[in-house]
Amino acid sequence: MYGLNGAPAIWQRYVDGLFQGMQGVKVFMDDARITGSDEMSHFKALEEFFMKCKEHGLKLNLSKSQFFQNEINFLGHKIDANGLHKTDEKISAVVKAPVPKNVQEVKSFLGLVNLYGKFCKNLATIANPLNNLTKKDVKFKWSKDCQVAFEQIKKEICSPKVLVHYDPELPLTLASDASPVGIGCVLAHIYPDGSERPIAFASKTLSKTEQKYSQIDKEALAIVWAVKKFHLYLKGRRFTLVTDHKPLVAIFGSKRGLPVLTATRLLHYALILQSFQFDIVFRKTADHGNADFLSRLPKTSEELEVKDDITIFQMTQIETLPVTSRELRQETGKDEELGPLLRALREGRNLQGREAQYTIEDGCILYGQRVCIPKKYQKNVLDELHTGHLGMIKMKALARSFVYWKDIDKDIEDAVRNCVDCARHKTDPAKAKVHYWEYPSMPWERIHIDFAGPIFEHMFLLIVDAHSKWLEVYPMKITTTKKTIECLRDSFARFGLPRVLVSDNGSQFTSHEFQRFMQSNGIKHKTSAPFKPSSNGQAERYVATLKQSLRAMQKYEGSIQQKLSTFLLQYRKAPNATTTHSPAMLFLKREIRTRIDLLLPELKSRVQDRIRKGVFEFRDRKFDIGDKVAVRIYRASNSKWKFGKIVNRDGVLHYTVEVQGTLVRRHVDQIRPVGDHVQENDFIPNVHRRFSATDIRESNQNLQYADTAENPSSQVPNEEQGSSSTSAVPSTDVPAHDSPPSDVQLDSSQMRSPPVPASPRQVPRRSGR
């Protein structure tokens, strides 16, 4: 629930609240101190402490517990009846410091003297014999005076004049430093006047493995060791780390996280420090004498040399290589690039930038967790990485886990490109982005052709217009050049010559005869790349469409030509997804008529209906069946009008009238209304064949229409619809064929109706009709 930084403070707050108010009990983290003025008060405090621990489930370690002691060490201090004293551990790093063996070690010791000399009046005077050893042209000789001065100075530095007690109210600093042989640190307080007073000293010699670390690793080790050493003072509060190695400020003090190429050991150290709250600052080596002395003259460590996990991991990295660590160690020192770097790391130089990421392990240089390979063995490592003939990406990923040298990525790329086996068996390159043909500006400007089949023992030549997507298909038994040219010539005769013809590299299209045919007709012939049918994708797409459609119509009746015609008719009618128009509209500039159009009313019928409804309105010239009318007679010389009765309405303007048992067909202009009681007196010659009115009505559907402008295909509409079509009535008064004989005789003068104009009189339409 909580992070590492807040855990100590949360725990301390918990135990403070748990044991609050208990006399003689003081708890810090996991250490408890129980005191009493006498035995009874001490027993009472112990009993209360144990009961509280039992109540809240806290367990105590008996082996680490001490009872009835007159003197204890608690939080780095010795506590007895006389008060608070410094522990020997705090000053042992100074007291047990060995005698300097050279001028450099003497200077390091004098740096400690200069730092704390202001707290002891005569410290500089006591150190005079040691100062003489650092003078120029003075041979180093450790005399009795030097030994006395050395011991007296150590005693003065560890006296109460210099060393102070820990105060939780004062700022806390932890200075650390590392030398080729040891590490040291000083825990100190910063007083309001700016002075720095030490609380405790600590130092240790480096193991043989640690002495092989690079300088940045040694400095980081000194920081981590010092923090672990004084963790009781540092947990739960903010403090300041002081180092004379500037790269560590960027690594441990960065607010943006660790650098990407931080070495593995430094990453491990950074994770340890995450549980503390600290600021890290840089201090020049000249002003860092206290920790520098302790690192150069460390007390002898009695700890066994134990290789840490990081060292074991890095040694494993080296052992996996095709060369041994001994060979790498020998060749690294001889290499032109790695040799100077190895010496700089061993001497502890302050490396900057990328070089600060290098470390030493068993005489080999590591860049992060990757082993630096000398130039002599780089070819061997490349061969090992490419053993399985992996690609560049996988080789680089593998190399980034194990090895490093300058321009390693470029060397891996060159190795893969120059591998003969990889080049011979490599897969096809990634497909290029689709390149579309330029859209033609007009129909039949560019056509694409290809063969499809065999389908049902036939081959098909497809011709596709790139502009309109109009498709021509020719069934063929053989696909020779001659037959192909015949089909193209037939198509060109109907649609003209295209500018460009695109095909694949079939022998029919690449023959000399076909090329001559193209040249003679001024057609530019383009072919697709061999074994790349998508270059002629326009034709290939329709090859697949044709195959699918013909196979789907396999069970249909009819020949292959009938099925092909059915497919082409429907395809040319359907809108194309690319152009959004049908191929017929773009190619023929009109839609072709198919059976699906029978579902829609015809334009001609709609126009005629509107004209007749809007123009010809004869409210006073409308007759009903059974009405008495006068009919115009053209063949009788002695009479102009005869009287009869309406027996059928053939259309808006045409009626069938029964006149004295004879059926005649007349236009409204040839009919007048008369009274119901008008009687016929004149004799009408019986020149027409007679039919009963009932028979005529029943056979109206078989009669023919007069040659008028009306639509002869429409059914007889009812009166409310107002259709202009007429029922099946012959152009003459009564048809002499296909009608049964009747006792009604027709006048011979009425065998033919008067001529009807070819088109009705055009009358302007009235608005609003």
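Which residues of helix α18 are buried? I shall take this predicted model from that helix to its aromatic residues.

Helix α18 spans residues 392–399, and its buried residues are M395, K396 and A399. These three cover an arc of only 100 degrees around the axis, which puts them on the same side of α18. An α-helix has 3.6 residues a turn, so residues three or four places apart point the same way. On the other side of α18, we find I393 and K394 exposed. As for what covers the buried residues of α18, the elements include two strands, β13 (370–372) and β14 (403–404), and two helices, α17 (378–385) and α19 (408–417).

I turn now to the aromatic residues. The structure contains 17 aromatic pairs. One of them joins F509 and F514: the ring centres are 5.6 Å apart and the planes stand at 65 degrees; since planes over 60 degrees apart count as edge-to-face, the pair is edge-to-face.

Elsewhere, one aromatic cluster is formed by W444, W470, F495 and F587.

Finally, let me mention charges placed over rings. R672 lies over the face of W641, at 4.3 Å from the ring centre. R197 lies over the face of Y191, and here the figure is 5.9 Å from the ring centre.

To return to the opening question, the buried residues of α18 are M395, K396 and A399, with I393 and K394 exposed on the other side.

Note on methods:
Residues are numbered from 1 along each chain as its sequence is written. This is a predicted model: local features need pLDDT of at least 70, side-chain atom pairs count only at pLDDT 80 or more; totals for chains, interfaces and linings use all residues. Side-chain values use heavy atoms; hydrogens and water are left out. Rings of Phe, Tyr and Trp (its six-membered ring) pair if their centres lie within 6.5 Å; planes under 30 degrees apart count as stacked, over 60 as edge-to-face and the rest as tilted. A charge sits over a ring if NZ of Lys or CZ of Arg is within 6 Å of the ring centre and within 35 degrees of the ring normal. Buried means under 20% relative accessible area, exposed over 50%, partly exposed in between (1.4 Å probe, protein chains only). Helices (H or I, at least four residues) and strands (E, at least two) are DSSP runs, numbered from the N terminus. The arc is that of the directions from the helix axis to the C-beta atoms. Contact means heavy atoms within 4.5 Å.
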